[in-house]
Amino acid sequence: MKYGKIRIEDGNLIFTKRVKTNTLPCSEILWAYRRKEEPTGKNTGGGHALCLVTRLQKKYKFEMTLEEAASCLRELQRLNPRIAVGYPKGARIAFQSLANTRDLGALKATDGRVILPHRLLRSGDLYHLSNEDQRVLLEEYHLTKVIDFRTEKEQERRPDTVLKGVTYVQNPILDEETMGITRERRLLDEVVDSKIDMGEFLEKVYQNLVLEPYAVDRYAKFFDELLHQDDGAVLYHCSAGKDRVGIGTVLLLSALGIPRPVIVEDYLRTNEYLESEAEYLVRLLETKMVVSPQTYSNIQALYSVRKVYLETVFQVIEQRFDSMENYLRKKMYLSPRVLEQLRNRYLV
């Protein structure tokens with residue numbers, strides 16, 4: 001079958017470069033995606049291209065029509081079911097039962113490399129996954145490991161759906177005594193307590209997440225798990241996928257060399273995905289009580305993130321450790337050599 005100037009025969013992609021015929025086994029392709037080309041030279045209308053990344057991190061771009069690119073992608077997926085398709089750029093995965101699950105793939109590092117899609121997934125809990133979501137995680141994302149940041153009590157109340165062939169790692173970021181940003185019943189009592197400002201409370205919690213020894217050790221274990229992840233996707237989660245996962249993602253993206261503005265943008269994306277959760281809780285409480293302005297504010301804080309939380313974290317780290325790099329080296333045990341190992345594992 002021919003697609004633009006390439007063809008696929010006997011499981012190989014065949015193309016001509018510098019008058020030489022080249023053969024690329026489809027099994028060697030890790031990632032394929034379509035890209036809209038800007039108009040250049042005589043091509044005033046622009047066009048489309050199919051971009052490929054191989055296991056040896058070689059990159060190819062083939063110009064073709066949108067229809068050809070879509071058809072070629074389908075054929076590549078048929079020949080190589082493990083291929084990552086698309087350019088997520090940290091966007092939400094459209095699951096039926098998961099509101100805040102995102103693929104960190106395609107976020108670009110300062111060295112020009114990007115995170116390989118279908119490898120790093122951030123999420124809320126995996127309680128009562130739909131059958132379709134289970135299929136997507138296993139067959140399309142090839143999920144092999146789940147790292148759970150929740151406490152034992154949270155896990156007992158809303159256990160993760162068990163997926164065949166997936167390793168589950170219990171790695172609670174907070175101990176039971178530090179509960180506060182989780183979904184314990186007493187937290188809901190605090191939400192409706194007009195004497196508590198949940199936003200101020202969470203800002204203090206964020207500082208503890210990067211300074212409190214127990215939490216710091218658990219984040220270091222998180223990095224150790226990532227360094228020993230061989231194949232398939234790893235998904236890490238807490239309850240809503242915003243606070244403990246939010247800080248874990250900030251540390252991870254920093255270690256991978258993602259620019260800070262991109263890290264902040266990824267962090268704030270949570271607000272869009274959890275907005276309906278906050279609205280639901282407000283409606284539920286309105287059936288039971290009069291929702292005060294402070295309660296409404298607390299609910300908004302509980303189901304959203306604020307830029308000031310992140311700014312506080314960066315400020316605390318830089319005051320105590322001079323830089324994020326020093327923090328990662330001293331507290332996450334990411335020496336320059338280990339840091340490069342991590343980047344080589346997840347960047348292409």
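Let's start with the open sheet: it has 5 strands in the order E9-E10-E13-E11-E12, and the pairing is mixed. By pairing I mean that DSSP finds at least two bridges between two strands. Strands here are DSSP runs of E with at least two residues, helices are runs of H or I with at least four, and both are numbered from the N terminus. Strand E9 (102-103) and strand E12 (167-170) stand at the edges with a single partner strand each, so one side of each has no neighbour in the sheet. Further in, strand E11 (residues 143-148) runs parallel to E13, and 5 bridges join them.

A quick word on what we are looking at. This is a predicted model, where local features need pLDDT of at least 70 and side-chain atom pairs count only at pLDDT 80 or more, while totals for chains, interfaces and linings use all residues. Residues are numbered from 1 along each chain as its sequence is written, and side-chain values use heavy atoms, with hydrogens and water left out.

Back to the sheet. Helix H7 lies across strand E10 (120-123) and E13, at about 155° to E10. That angle is between N-to-C directions on a scale from 0 to 180 degrees, with axes fitted to C-alpha atoms, for helices over the stretch in contact.

A core here is a set of buried Ala, Val, Leu, Ile, Met, Phe, Trp, Tyr and Cys residues joined through side-chain atoms within 4.5 Å. Buried means under 20% relative accessible area, exposed means over 50%, and partly exposed is in between, with a 1.4 Å probe and protein chains only. So which residues touch the most other members of the largest core? They are Leu252, Tyr327 and Met332, out of 57 residues. Among the elements that give two or more residues to this core are helix H5 (198-211), helix H7 (244-255), H8 and helix H13 (336-346). H6 gives the most, with 8 residues.

Leu252 touches Leu104, Leu120, Phe222, Phe223, Leu226, Tyr236 and Leu342, leaving aside residues up to four places away in sequence. Contact means heavy atoms within 4.5 Å. There is also a second, separate core of 19 residues, and Ile8, Ala32, Leu52 and Leu76 are included in it.

Now to helix H8 (residues 260-268), where Ile263, Val264, Asp266 and Tyr267 are buried. They lie on the same side of H8, because they cover an arc of only 160° around the axis; the arc is that of the directions from the axis to the C-beta atoms.

Next, a hairpin. E3 and E4 pair in the antiparallel sense over 6 bridges, and Asn12 has Pro25 in E4 as its bridge partner. With 2 residues between the strands, this hairpin has Arg18 at a positive phi near 55°. Val19, in the loop between E3 and strand E4 (20-25), also has a positive phi, near 65°. Is Val19 buried or exposed? Exposed, at 81% relative accessibility.

Asp10 sits in the loop between strand E2 (6-9) and strand E3 (12-17). Its phi is positive, about 50°, although Asp10 is not a glycine. At 79% relative accessibility, Asp10 counts as exposed too.
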